[in-house]
Amino acid sequence: MERNQNIEKRILWVAERLFLEKGFSGTSTTEIAKAVGCNQALIHYYFRTKEKLFWDVFSPKVEQVVEYLDAPLDESIDFIERIRNVIDFYFGILELDERLAPFIVNELIMHPGRWDKFRDRYLRNESRSSAFNRFESMVAEEIQAGHIRSMRAIDLLMNIMSLTISAFIVAPKGFASGECDSNLRKAYLDNRREDIKALIVNGIRA
């Protein structure tokens, strides 16, 4: 039993690495099996299809991102400052692994079916979206109080996410490859972070 669990975990670990490096389309179950050191039949035994393996790899990560939306929403500070904290939060996530931003664009945003599945599973499913529901209530309260203009919470969140992701996508190639001075890269991202905060905050004020 333990050996089977270890094989399953290794399949997930190898699949994550290859999906991030080569994308879903560029990765085959044959390649995953070879890197794991098992036969391809085991991949299908544990995960049935490559698409299911894809979601088994990334669903826990997506769930964490959505659930952790609660983390920057400290009610002891005003809403505008919370929004700045949300932007800091998403920058922090993407800085952990430079492959995440292009992966999100290629596998979620550029594939409408996957994006629809993400939205339905994590933003429209009450049992999995309590953090987003809380964010939505905060936005509604701020609109009602006249502090921000009328908007949908999902649009605000998507604006934050898309601008944040773009900072990493359009970064000079050397920043992503590690060929450029790390201090220069950090300065670039810090500047983009502050620019995005200003764009979002100025754009939502009533």
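The expected span of a helix is 1.5 Å times one less than its number of residues. Helices are DSSP runs of H or I with at least four residues, numbered from the N terminus. The model is predicted: local features need pLDDT of at least 70, side-chain atom pairs count only at pLDDT 80 or more, and totals for chains, interfaces and linings use all residues. Residues are numbered from 1 along each chain as its sequence is written, and side-chain values use heavy atoms, leaving out hydrogens and water.

**View 1. Helix H11, end to end.** H11 has 23 residues, which at 1.5 Å a residue should span 33 Å. Its end C-alpha atoms are 33 Å apart, in agreement. Several H11 residues are buried, among them Tyr 188, Leu 189, Ile 196, Ile 200 and Val 201. Buried means under 20% relative accessible area, exposed means over 50%, and partly exposed lies in between (1.4 Å probe, protein chains only).

**View 2. Arg 193 in H11.** Arg 193 is found in helix H11, residues 182-204. It counts as buried because its relative accessibility is 13%. Its side chain makes a polar contact of 3.3 Å with the side chain of Asp 88. A polar contact is a pair of N or O atoms within 3.5 Å; within protein, one must be able to donate a hydrogen and the other to accept it, and residues adjacent in sequence count only if both atoms are side-chain atoms. Not counting residues up to four places away in sequence, Arg 193 touches Ile 87, Asp 88, Phe 91 and Glu 95. Contact means heavy atoms within 4.5 Å.

**View 3. Lys 22 in H1.** Lys 22 lies in helix H1, residues 2-22. With a relative accessible area of 43%, Lys 22 is partly exposed. A polar contact of 2.6 Å joins its side chain to that of Glu 31. Leaving aside neighbours within four places in sequence, Lys 22 is in contact with Thr 27 and Glu 31.

**View 4. The buried side of H2.** In helix H2, residues 29-36, the buried residues are Thr 29, Ile 32, Ala 33 and Val 36. They cover an arc of only 100 degrees around the axis, so they sit on the same side of H2. The arc is that of the directions from the helix axis to the C-beta atoms. Gly 37 follows H2, and its phi is positive, near 90 degrees.

Notes: Helix = DSSP H or I, 4+ residues; strand = E, 2+ residues; numbered from the N terminus.
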